[in-house]
Amino acid sequence: QIHLVTKDGLDLLGSSVAGAPWVVLGQNTHVTWGLTTTGFDVTDTYQETIQALPADPNGLPRFVTYFQGQPEPVTVIPVTFRVKLIGDGVPPNVVPVAPTPANGIPPVVLTVPRRNHGPIVDLDVDPNTGAGTAISVQYTGFSGTRELQTFARLNRASNLEEFVEGLQYFDVGSQNFIYGDIDGNIAYFSTAEVPLREDLQANTVAGAPPWFIRNGQGGNEW
C-alpha cells in the first residue's frame, strides 16, 4: 500500500508491486481503477520433430525443428550458474557450477523462434541418428512487453479517454480493469494480447485442442 506524491503534481493512493515504479491499482485525483484476473489461455505446448546436427565451431550443439516439412533452426543459448560457497572463510566466494547429468544443470537453453522464442522443456533424441522429438512452449509473454507503460499512463490519466489510451500498452497479464472517475463515468475493460489460433479461428480443431500437447508441424499456429 502506498501514497505517491511527486513534484510535478501526481497524487496517488493504492497498491503496487515490488519493483514497479507506479501505483498498479488505486486512484489519483481524477480516476480510480481496480483489477481482477481474466484467466485467458495464453500458453500452448507443442510436440516438435527435431534433428540434431553437427556441433558448431565452438562446440555448441545445433538442432533444427521441422515445420510443414521444412527445417527451422533452434536457438542455442549457453547458460552459466554461479553459487556462493558457504563456510570456506572467503567472503564472498562465488564460483561457477559445472553442468552435469547428476546435478541436472543444463549447459544450454534451447528456444524455438516460431514459438515466440519459447523454450524446449523436454528433448528425446536418438544418439545414433540425431532424430527425435521435443516439447516446446509458446507464451504471449516471451517477447518484449510494455505493461509499465500502461501504469505510467494510468497514474497520470485525468479522464476516460486517457485511461483507455494507457490500456493499449497492457500486453501480458490478462486483467479486467474496472474504472470510475470524478465526472461520474464507470467502465469495464478486459485487456491483453490473446492468441488467435488458426484452427479455432476457422471453427475447427486441428488435432489435439489447446489444453493438450499440440502438433508443432503446422495447422494450429498463432
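In this predicted model, strand S3 (residues 25–27) pairs with strand S4 (residues 31–37). The two run antiparallel and share two bridges.

S14 and S15 are joined by six bridges and pair in the antiparallel sense. Within this pair, Tyr179 has Ala187 of S15 as its bridge partner. The two strands form a hairpin, with four residues between them. In that hairpin, Gly184 takes a positive phi near 90°.

Elsewhere in the sheet, strand S2 contains Ser15. Ser15 counts as buried because its relative accessibility is 18%, and the cut-off for burial is under 20%. Beyond residues up to four places away in sequence, Ser15 touches Gln1, Val23, Val24 and Leu25.

The helices also pack on each other. H1 and H2 meet at an angle of about 170°, and their axes lie 8 Å apart. That angle makes H1 roughly antiparallel to H2. On the H1 side, the contact involves Thr150, Arg153, Leu154 and Arg156. On the H2 side, it involves Glu162, Phe163, Glu165, Gly166 and Leu167. Three residues of this contact are nonpolar, two are polar and four are charged.

H1 has several buried residues: Glu147, Thr150, Phe151, Ala152, Leu154 and Asn155. Their cover includes S1, S2, S4, H2 and S14. Leu154 illustrates these surroundings. Leaving aside neighbours within four places in sequence, Leu154 is in contact with Asn28, Val31, Trp33, Phe163, Gly166, Leu167 and Phe177.

The largest nonpolar core has 17 residues. Trp33, Phe151, Leu154, Phe163 and Phe177 touch the most other members. At least two residues of this core come from each of S4, H1, H2 and S14. H1 gives the most, with three residues.

Attention now turns to strand S11 (residues 108–112). S11 is mostly covered, with four of its five residues buried. Strand S8 (residues 75–78) and S11 run antiparallel. Four bridges join them. One of the pairs is Ile77 with Val109, the latter in S11.

S11 also pairs with strand S12 (residues 118–125). This pairing is antiparallel too, over two bridges. Thr111 has Pro119 of S12 as its bridge partner. S11 and S12 form a hairpin with five residues between them. Asn116 lies in the turn and has a positive phi of about 60°.

Val76 has its place in S8. Apart from neighbours within four places in sequence, Val76 is in contact with Pro61, Val108, Val109 and Leu110. Val76 is 30 residues from Tyr46 in sequence. In space, the two are 18 Å apart, C-alpha to C-alpha.

Definitions and conventions. Residues numbered from 1 in each chain as written. Predicted model: local features only at pLDDT ≥ 70, side-chain atom pairs only at ≥ 80, totals over all residues. Heavy atoms only, no water. Pairing = 2+ DSSP bridges. Core = buried A, V, L, I, M, F, W, Y, C linked by side-chain atoms within 4.5 Å. Buried < 20%, exposed > 50% of the residue type's maximum accessible area, 1.4 Å probe, protein only. Contact = heavy atoms within 4.5 Å. Axes fitted to C-alpha atoms, helices over the stretch in contact; angles between N-to-C directions. Parallel < 35°, antiparallel > 145°, perpendicular 65-115°, else oblique. Nonpolar A, V, L, I, M, F, W, Y, C, P; charged D, E, K, R; others polar.
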